[in-house]
Amino acid sequence: MKLFAVAQPGIEEITAQELKELGIEGKVVPGGVEFEGGLREIYLTNLWLRSANRVLVRLCTFRAKHFAELVRKASKCPWSEFITPELPIKIRATSRHSKLYHTKAIEERVLRAIKEAVGFEPQTTTYEDEGTSVIVRFENDICTISINSSGALLHKRGYRVKDVEAPLRENLAAAMVLLSGWRGDVPLIDPFCGSGTIPIEAAMIGANVPPGTRREFAFMKWKNFDRELWESIKEEALKRVKEVKVPILGFDIDPTAVEAAVENSRTAGVERWVEFKNLSFPKLSFEKAFVITNPPYGVRLSFKNTSLIYRQLGHWVRKSFKEFKLLFLSPNRRLAREVSPEVRMLTYFDNGGIKVGLYLVEA
Ligand SMILES: C[S@@+](CC[C@H](N)C(=O)[O-])C[C@H]1O[C@@H](n2cnc3c(N)ncnc32)[C@H](O)[C@@H]1O
């Protein structure tokens with residue numbers, strides 16, 4: 001099967017590297033990584049990919065300029081493995097630079113094509129994680145139809161039981177840790193930890209805990225679901241879990257955020273490797289540290305207040321650690337330079353509707 005790991009623009013290379021570590025060679029394209037495989041690769045990638053949004057199965061690709069052509073060609077796609085009378089389906093279409101641009105009409109025609117192909121009227125749903133979600137993409141009159149093997153987005157690991165304002169998505173937190181090169185051998189600190197996402201993801205990376213063990217996936221409802229294969233892949237993964245031997249610390253000025261972080265780390269099963277404290281820029285002295293963080297910024301904070309926080313972050317890191325790698329998010333270079341004039345931007349991506357750069361300072 002042709003498979004596709006959807007990754008947010010700016011994150012694709014990190015996802016490709018993760019695939020490589022699973023022994024899968026992929027091709028990076030805007031918005032994700034193309035690769036090939038069977039059920040084993042679908043299970044493995046859904047279980048292990050930390051930075052991706054979802055894993056899609058490419059069902060078919062064809063050119064269509066008229067609705068009749070769309071129905072005719074779409075009805076020839078291999079639907080039968082994924083469409084059953086019990087499973088409701090959700091079809092979502094997008095279109096760019098194509099003659100067929102009315103997405104509701106495209107969705108309606110694809111539903112008609114499925115009905116022709118399987119011989120019954122499938123039930124429909126509006127929830128992506130309820131049944132089979134079908135993604136139809138038109139670009140330059142080329143139609144690509146995919147089945148979402150993940151169900152709910154992969155960042156929903158199932159451990160976030162308590163939220164704070166502006167939490168970072170779990171897959172972005174993991175992407176920051178992976179890109180930093182931290183592998184569990186040096187202390188890691190997040191001085192603005194909020195609900196604890198970065199330290200929790202770091203603990204899972206350091207301990208080799210796969211991110212997908214506590215959730216359901218859409219592929220589990222397919223006719224061809226191989227429970228034995230899935231259980232063996234999971235069992236194999238859990239054998240690789242190891243202890244984290246270095247401190248992973250999270251600090252926040254807000255006590256409710258710290259409570260949320262503690263509770264989330266318990267649900268994630270990593271509480272013995274992380275420690276959260278209600279402190280602001282505490283006194284620390286490690287020879288070496290990785291500081292990975294998502295400082296407060298946003299429309300409601302003035303530049304003056306935010307720049308002070310970024311300046312404090314720079315001072316605190318230089319004072320606390322002899323050698324360090326500091327990775328942080330900033331909505332612009334001016335603010336990033338408040339941390340240090342020597343910042344380097346590694347990549348940028350969308351974080352909750354705001355474009356942010358991921359910056360690095362090293363000493
Ligand atoms: C953008 S949020 C971090 C969200 C976090 N990454 C998550 O996933 O939940 C920024 C955090 O910085 C905290 N904060 C603001 N000023 C602070 C300070 N001076 N010292 C410590 N924490 C501070 C806020 O309470 C907030 O939780």
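**Hairpin and sheet order**

Biologist: Which residue in the turn of the E2 and E3 hairpin has a positive phi?

Modeller: Strands E2 and E3 form a hairpin, and two residues lie between them. The model is predicted, with local features needing pLDDT of at least 70, side-chain atom pairs counted only at pLDDT 80 or more, and totals for chains, interfaces and linings using all residues. Residues are numbered from 1 along each chain as its sequence is written. In the turn, a positive phi of about 90 degrees belongs to Gly31.

Biologist: Which residue in E3 is the bridge partner of Val29?

Modeller: E2 and E3 run antiparallel and are joined by three bridges. Strands here are DSSP runs of E, at least two residues, numbered from the N terminus. In E3, Val29 has as its bridge partner Gly32.

Biologist: Why is one side of E2 and of E5 left without a neighbour in the sheet?

Modeller: Seven strands form an open sheet of mixed pairing, in the order E2-E3-E1-E4-E7-E6-E5; two strands pair if DSSP finds at least two bridges between them. Strand E2 (27-29) and strand E5 (89-96) are at the edges of the sheet, so one side of each lacks a neighbour because each has a single partner strand.

Biologist: Which residues stand opposite Leu3 in E3 and E4?

Modeller: E1 (residues 2-6) is joined to E4 (residues 54-63) by five bridges, and these strands run antiparallel. E1 also pairs with E3 (residues 32-36) in the antiparallel sense, over five bridges. Opposite Leu3, E3 has Phe35, and in E4 the bridge partner is Val57.

Key. Helix = DSSP H or I, 4+ residues; strand = E, 2+ residues; numbered from the N terminus.
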